Amino acid sequence: MSASGPGVFGARVRLGAALAVLVSATGAIGQVAVRPDAGPTLAPHVRALIDAEYHTDEQRRDLRLFHGVWLEDDLDTPARRARASLVTGKLHDSSLTDPASPLLDRAEAMLLRGECAEALELIEKDGSFRAVVLRAEALETLGRLEDAARALEPVLAAMAGETLDPPELVEGVRGLVLRARILGQERAGGADFRVMMQLLARARTLDRFYWPAHLAEAELLYEKANPTEARAAALEVLSLNPRCARAWALLGRIANDSFAFDGVQSAARELDRLVGKGEPGSKSAGSPLADVLLARARLRQNDPEAAERELSPTLRRHPRMRTALALQAAIAAERYDFARTQELLDAFDVLSPGSHEAYLEVGRTLSENRQYAEASRFLAEAARRRPMLPDPVIELGLLELQSGRDIEALRALRRAAELDSFNDRAANSLALIKELLTYDTIESEHFIVRFKPGLDEILAPEMLPVLERIHARVTGPSGIDHEPAAKTVIELMPDHRWFAVRITGMPGIHTIAAATGPVIAMERPQEGPGHSVGNYLWPRVIQHEYTHTVTLSRTRNRIPHWFTEAAAVYVEDTPRDYNRAKLLATALENDALFSLDEINIKFVRPDTPTDRAQAYAQGHWMYEYIVERFGPRAPLELMDRYAQGQGESSAFDEVLGLSTESFMRDFAGWARGQAVAWGMTLPEGVPTIDELRRAELHEDADEDAPLPSPTPELVEKWLGEHPDHPGVLELAVNAAIERADREPDPALVLLLQRYAAARPVDDMPHRRLAQTFLDGVGGAPDDAVVHLEYLDARAQHTSAYAVALARRYAARGDWSRASAKAERAVQIAPFDADMRELAAEVAVRTGDWAEAERHVRALTRIEPDREIHRRRLEAIRAKIPIP
């Protein structure tokens, strides 16, 4: 969309010397080869401007057009229809090829459609700012970089010496952006970004209604990896022009970058609405901006087939649109069809000789799919083609960072910072790699643990023996039966901020550990400010993440999302908790299990708050089914098919002898048996609670008669008829608990035990029984142990059960088990002084002075001001035999 506005906006400004410095950097090229919610309404001050009485009808019509609130009657000429079509992104509108429409609007539409040579021919003689910038963009797209830079010189010279109005200021900034892209920041002038922002601020000051200045600012901020401010600027655009397609597309792109796919869908719907798609009686095609946006989203969701479907309408209409063609090559790459990828890249080169654009898109897509070797090749080629551009170098640096190649990452990110010192993503990642290079490392046979000197010196050495046990489990024959070729790096990040930067290059991720392949980053398990979830059982989390590392290695990073998550949950060796069991049973009962086509998408594009949790739980359930029915080697054979680039359907057919549809049908039958065993689904012929209530109605009762409440008398009756019915037992337990809260009820223990047997996945009876026995009611404290073990096996964030078990085992004199439980409590809360005190006490009681020394030494770091810890440490060290 052009930056020109109606004639009513005519303020002008003379620029100072700062821009003259920028222009002096111009020279020959040499060897350089959010989610958006419902759209904001028009700002009241804009509405007041449009409605002002001093405007003529024609001025008011132009203002409505400029601010995106035109009426159908306002589009009374080809020129006005063309302007509206550019604003909304309706590039296929006939007005944009009508000779009666403004030449520059037609040229801009040609450029957006990829018809660059035609656009050049159309505006060859036009010397306006807008024409010069369009001409330079066309030349750059055609690979004529030196010509593009020379074409910009008149505009840049004019900017240094003339008075300019807001449209000229904005076009001048577009020219500066283009020049920096061609020459690089160093040759174009290091102050470009600051000056561009100053120019845009001046344009806004001169005319606060001039939305193209806000749009240019939003796009510039996004280019500099500042999505927060870019989003705010884009929303400001929409308050001045709710129909601005480029602002909607930018909001969708920001949402896509943060995996906010509902925001992507909202933006795409709005973009389609702007061009009339879906309106009653309309035959309008969809928005190419929406198609491109959705294709990017599907690529992020690792769904190349869906990406191709989204993109194909735009490619049919606009077969030379460069953005769409670059995405087409990325789609082929995500299918691991590298011959087709190269074919599409070569075809792109015919249209845009020497262009980096498609290589960058392919490399970025492969990097996100952890195809690091292939991604590096394409990104390196993009960087070779445009060595002054920061984007390929930033992507290369982030790739090296996620691959664990620190020196290469440092080299690339330093170069990226030189090329663009204002890019937040590059700056954050460079700060991270510099931070990481100050960390200490310790190693074992299969792992390198990297940690920040200081408090993390407590945990890091303790991790190595646990990590080696995890390695044996995960890589062994009962696990993934595969060893990665190199040591895995475990990076212990001191807080959530550094962890998020480590994983994404920008803060804002919400988890506690993640594997990028050869590197696993984890946030320090600790309560307090700066920590996302506090304490957690880090060995379980690392066992999950290391399983990702191993499955990715075995499959060459080519594995369906659901399957790698399923394997990781399976190898955690942790019982299924009640919430997941309820979620699965409900999905099964409501015929809402995800198909194999759906489940991958639900991890990254959930439609409901429970979709992602169900995807994890159902994937694990399906993995269990494969192992149980087809044997423990079956999942591994599927992985090997994925490694060969085979799709899920053919892999299932070869390994399991089933189509994916047959697999899901058979799985559902097996799953029902599981849900019955859990007490979450009733066997055939057993009535539900509602059916029991209905049976109590008189035989003459109306169909819609209210059902009787389950009174204690009814529950007692039903319990006599159905003594093992989990629903009836739950009602009986709840009634008994209510009575016990008023006075002790000896019958409660028996009911809890019966309910626990009938519904073994529910932790409630175990919590009640453990507390009851520990209080000495209905049994002895030792009777609580079996229930505490049940609870501890499922605990992820609390050490309370492990602590209680350590004390019970110590009371029995079972010091081996007491020591194991004290150690588990420490693993959940390694920086909790109480946990260390307990573990040290158990170690002293067993005479394990080395273990006692480890925990008391940790206490001297956790509570450095407590002198007693130092005295204890000296006393314990005196007990340790000298070898």
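Guide: A word on terms to begin with: helices (H or I, at least four residues) and strands (E, at least two) are DSSP runs, numbered from the N terminus. This is a predicted model, where local features need pLDDT of at least 70 and side-chain atom pairs count only at pLDDT 80 or more, while totals for chains, interfaces and linings use all residues. Residues are numbered from 1 along each chain as its sequence is written, and side-chain values use heavy atoms, with hydrogens and water left out.

Visitor: Where does asparagine 557 lie?
Guide: In the loop between helix H27 (538-554) and helix H28 (561-571). Asparagine 557 has a positive phi of about 65 degrees, though it is not a glycine. Most residues other than glycine have a negative phi.

Visitor: Is asparagine 557 buried or exposed?
Guide: Buried, at 17% relative accessibility. Buried means under 20% relative accessible area, exposed over 50%, and partly exposed in between (1.4 Å probe, protein chains only).

Visitor: New topic. How many salt bridges are there?
Guide: The structure holds 79. A salt bridge is a side-chain nitrogen of Lys or Arg within 4 Å of a carboxyl oxygen of Asp or Glu.

Visitor: What does glutamate 823 pair with?
Guide: Arginine 854, with the closest N and O atoms 2.8 Å apart. Glutamate 823 is partly exposed at 21%, and arginine 854 is buried at 16%.
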